[in-house]
Protein chains: 2
Amino acid sequence: MGTNTFTGEFHYSIDTKGRVNIPAKFRKALPDSSEDTFVVTRGLDENIVVYSLDKWRDKEEDLLKLSSIKPEHRAFKRQATRFASPLKFDGQGRVAIPGNLLEHAGIEKEVVIIGMIDEIEIWDPDTLKRYEETEFQLDAEDIEAIDNYTRSS
Amino acid sequence: MGTNTFTGEFHYSIDTKGRVNIPAKFRKALPDSSEDTFVVTRGLDENIVVYSLDKWRDKEEDLLKLSSIKPEHRAFKRQATRFASPLKFDGQGRVAIPGNLLEHAGIEKEVVIIGMIDEIEIWDPDTLKRYEETEFQLDAEDIEAIDNYTRSS
DNA sequence: CTAATTTATGGGTAATAGTGGGTAATTATC
DNA sequence: GATAATTACCCACTATTACCCATAAATTAG
């Protein structure tokens, strides 16, 4: 079997009912405990982020540790949950992504789906291209930092 | 079945009888022990907070731990309970929210309902927007603190 | 290389969700 | 105690969603 992680890039289109296919590879990588369910939410970039149900449960546990009295904690929790929704894929492996998320990512017809090891990103093709060209310019400092971070000790 | 937690955002309107729909997703997430009942009360923000009957029972236990001598504790306990009322939803999944709570949240016609994992918030759309924009923008310190708080896995 | 299987996509239909309103039962008011 | 107001409980309509079947392209197996 596979590696249980998400890798690779896939190009799909949304149909008239707003359904998007999830790559078979990714569906197979889901553990049983995720019950054929992905959790989609807003990304910090202009995209949609998808977690396995398992991974999302971990995130929820973290959020539950926050104080319910401190306003900043509540605000953070609210921001993290309000755009999240668990989606079970249908018999053909598709999910219907909520309209507000499609809007946030500027998705109309085509999507690019990218495996990010422990999560998945869904992009509008043009938006992604724009990000590649402008946003993602590593300077020397960034490279240094990332290099330190990713060197196995 | 589902995730048994509340997530996502929903936009509804109150009808002429003061009834508000509770998202079917949230109703389904209720355990049997909650007996089709939610407990609504004032939020610490300018909103209404909704608990499952189960969760509310836990809250009550927590409140009982407060000091009965310290005035601030009494005040907190009083504030938390005096506006709370259990509401059973009707056959169509709606509840009639008490007028004083609607007033507190500045709700007139439209509402935004937000899943907060273990509780639910009901907002007036404009009030929510105001909060997003002005009240609680997390600064770097807050993010650092929350990040530390939620790092464990 | 061909057949069998899987994948991506399209569409039909039954079930459900959200909304509005009627009426009987209950409570409050005079 | 009669009447008004409120609440609880139905019934109905519409749009959306969930679930199923179908097909063509792509992939895998023999």
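How many residues does the hairpin use to join β3(B) to β4(B)? Keep that in mind as you read these notes.

1. First, some ground rules. This is a predicted model, in which local features need pLDDT of at least 70 and side-chain atom pairs count only at pLDDT 80 or more, while totals for chains, interfaces and linings use all residues. Residues are numbered from 1 along each chain as its sequence is written, and chains are lettered from A and ligands numbered from 1 in the order in which they are written.

2. Now the opening question: the hairpin joins β3(B) to β4(B) through five residues. Strands here are DSSP runs of E with at least two residues, and helices are runs of H or I with at least four, numbered from the N terminus. Strands β3 (residues 37-42) and β4 (residues 48-52) of chain B run antiparallel, joined by five bridges; two strands pair if DSSP finds at least two bridges between them. Look for Phe38(B), whose bridge partner in β4(B) is Ser52(B).

3. β3(B) has another neighbour to find. Four bridges join β3(B) to β5 (residues 85-88) of chain B, again antiparallel, and Val39(B) has Pro86(B) as its bridge partner in β5(B).

4. Turn to chain A for the whole sheet. Its six strands form an open sheet in the order β1-β7-β8-β4-β3-β5, with antiparallel pairing. β1 (9-13) and β5 (85-88) of chain A stand at the edges with a single partner strand each, so one side of each has no neighbour in the sheet. On average, neighbouring strands are turned by 30° against each other, direction ignored; axes are lines fitted to C-alpha atoms, for helices over the stretch in contact, and angles between N-to-C directions run from 0 to 180 degrees.

5. Helix α2 (residues 53-64) of chain A packs on this sheet, touching β3, β4 (48-52) and β5 of chain A, and its direction makes about 100° with that of β4(A). Contact means that C-beta atoms, placed from the backbone, lie within 7 Å.

6. Do visit Gly93(A), in the loop between β5 and β6 (94-96) of chain A. Leaving aside neighbours within four places in sequence, Gly93(A) is in contact with Asn21(A), Ile22(A), Ala24(A) and Arg27(A).

7. Finally, the DNA. The residues around DNA strand D include Gln92(A) and Gln92(B), where near means a C-beta atom, placed from the backbone, within 6 Å.

Definitions and conventions. Two residues are in contact if their C-beta atoms, placed from the backbone, lie within 7 Å.
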